[in-house]
Amino acid sequence: MSLNSKNAVENMLAEIASEVIYTSDYIGKDRLDERVMAAMAEVPRDAFVPDDLKASAFYNGPLPIGHGQTISQPYIVALMTDLLAAQPEHRILEVGTGSGYQAAILSRLCDKVYSMDVVPPLVASARKCLDQLGYDNIELKSGNGYLGWPEHAPFDGIIVTAAAETIPRALTDQLKSGGRLVIPVGPPYGYQQLKVVSKDKQNRLDTHTVLGVAFVPMVDRPADEPGSDK
């Protein structure tokens with residue numbers, strides 16, 4: 001890593017830490033898990049953005065990645081990852097692969113990541129990037145995120161990186177007892193809230209609202225996309 005890149009990463013981490021303190025009344029903590037911050041430091045965010053935006057890769061804001069999609073703000077990536085509370089033995093489902101950045105972060109924290117996206121070209125480009133970087137515990141496919149990935153369910157955690165108007169029943173059904181679902185909920189380009197859904201040992205659901213967010217909408221399409229891309 002070059003000195004400039006190292007400085008950019010350190011600045012990104014400092015901005016995340018500052019945002020955490022600023023929003024501490026909402027998120028209920030003034031620092032994130034050290035494992036999460038270490039993953040944010042390790043994964044090269046600039047590898048997951050278009051070439052013409054690499055100079056802005058470590059800026060604490062979202063960036064376009066094509067097909068009407070974005071790579072989320074680093075603070076939001078870190079916060080959602082922290083809320084998911086992934087453990088080394090966990091199997092995680094991500095709905096909304098995008099550039100592959102969130103999947104790469106999760107892969108440093110758990111045993112296996114299953115990531116899906118409704119846009120096939122994004123899945124293909126994410127797969128190429130993840131392979132080049134050597135992240136070998138991530139399986140991708142193109143498909144309808146509202147339906148989840150039942151073949152690999154149940155999951156210890158599920159993270160959704162696009163806003164659903166309501167919490168999809170298929171996703172809560174595919175969550176293990178004791179698991180968590182982290183998802184933005186709200187109308188397309190309207191007021192959205194980041195929510196954490198916890199499933200207890202009796203499979204009862206408890207939903208907690210964290211803070212207001214802004215995500216691209218989650219698209220509901222027939223599950224007629226190509227299959228998994230390992």
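Tyr189 counts as exposed, at 66% relative accessibility. Here buried means under 20% relative accessible area, exposed over 50%, and partly exposed in between (1.4 Å probe, protein chains only). Tyr189 lies in the loop between β7 (175–185) and β8. Its phi is near 60°, a positive value in a residue other than glycine. Helices (H or I, at least four residues) and strands (E, at least two) are DSSP runs, numbered from the N terminus.

This is a predicted model, in which local features need pLDDT of at least 70 and side-chain atom pairs count only at pLDDT 80 or more, while totals for chains, interfaces and linings use all residues. Residues are numbered from 1 along each chain as its sequence is written, and side-chain values use heavy atoms, with hydrogens and water left out.

Ala85 also has a positive phi in a residue other than glycine, near 55°. Ala85 lies in the loop between α4 and β3. It is partly exposed, with a relative accessible area of 31%. Gln87 lies in the loop between α4 and β3 too. Gln87 is partly exposed, at 32%.

What is the state of Cys110, buried or exposed? At 8% relative accessibility, Cys110 counts as buried. Cys129 counts as buried as well, at 10%. A disulfide is a pair of cysteine sulfur atoms within 2.5 Å. By this rule the count comes to 0 disulfides. Cys110 is in no disulfide; the nearest cysteine sulfur, that of Cys129, is 17 Å away. That distance is too far for a bond.

Cys129 is one of the buried residues of α6, a list that also holds Leu122, Val123, Ala126, Arg127 and Leu130. An α-helix has 3.6 residues a turn, so residues three or four places apart point the same way. Helix α6 (residues 120–133) has 14 residues and should span 20 Å at 1.5 Å a residue; its end C-alpha atoms are 20 Å apart, which agrees. The expected span is 1.5 Å times one less than the number of residues. Gly134 follows α6, with a positive phi near 85°.

A search of the whole structure finds 1 cavity of 30 Å³ or more. A cavity is a set of points, on a 1 Å grid over the protein atoms alone, where a 1.4 Å probe fits but cannot get out; lining residues have an atom within 4 Å of a point. The largest cavity has a volume of about 330 Å³, the volume being the space filled by probe spheres set on the points. Its lining holds 27 residues, of which Gly96, Thr97, Gly98, Asp117 and Thr161 lie nearest its centre. Elements that each supply at least two lining residues include α4 (74–84), β3 (91–95) and β4 (112–117). β2 gives the most, with 3 residues.

Two loops remain. Pro154 lies in the loop between β5 (138–142) and β6 (155–160). A cis peptide bond joins Ala153 and Pro154, with omega about 5°. Asn203 lies in the loop between β8 (192–199) and β9 (205–213). Asn203 is partly exposed, with a relative accessible area of 46%. Its C-alpha is 26 Å from that of Ala103, 100 residues apart in sequence.

Definitions and conventions
On a 1 Å grid over the protein atoms alone, a cavity is a set of points where a 1.4 Å probe fits but cannot get out, and a pocket is an open set with protein on both sides within 12 Å along at least five of seven lines; lining residues have an atom within 4 Å of a point.
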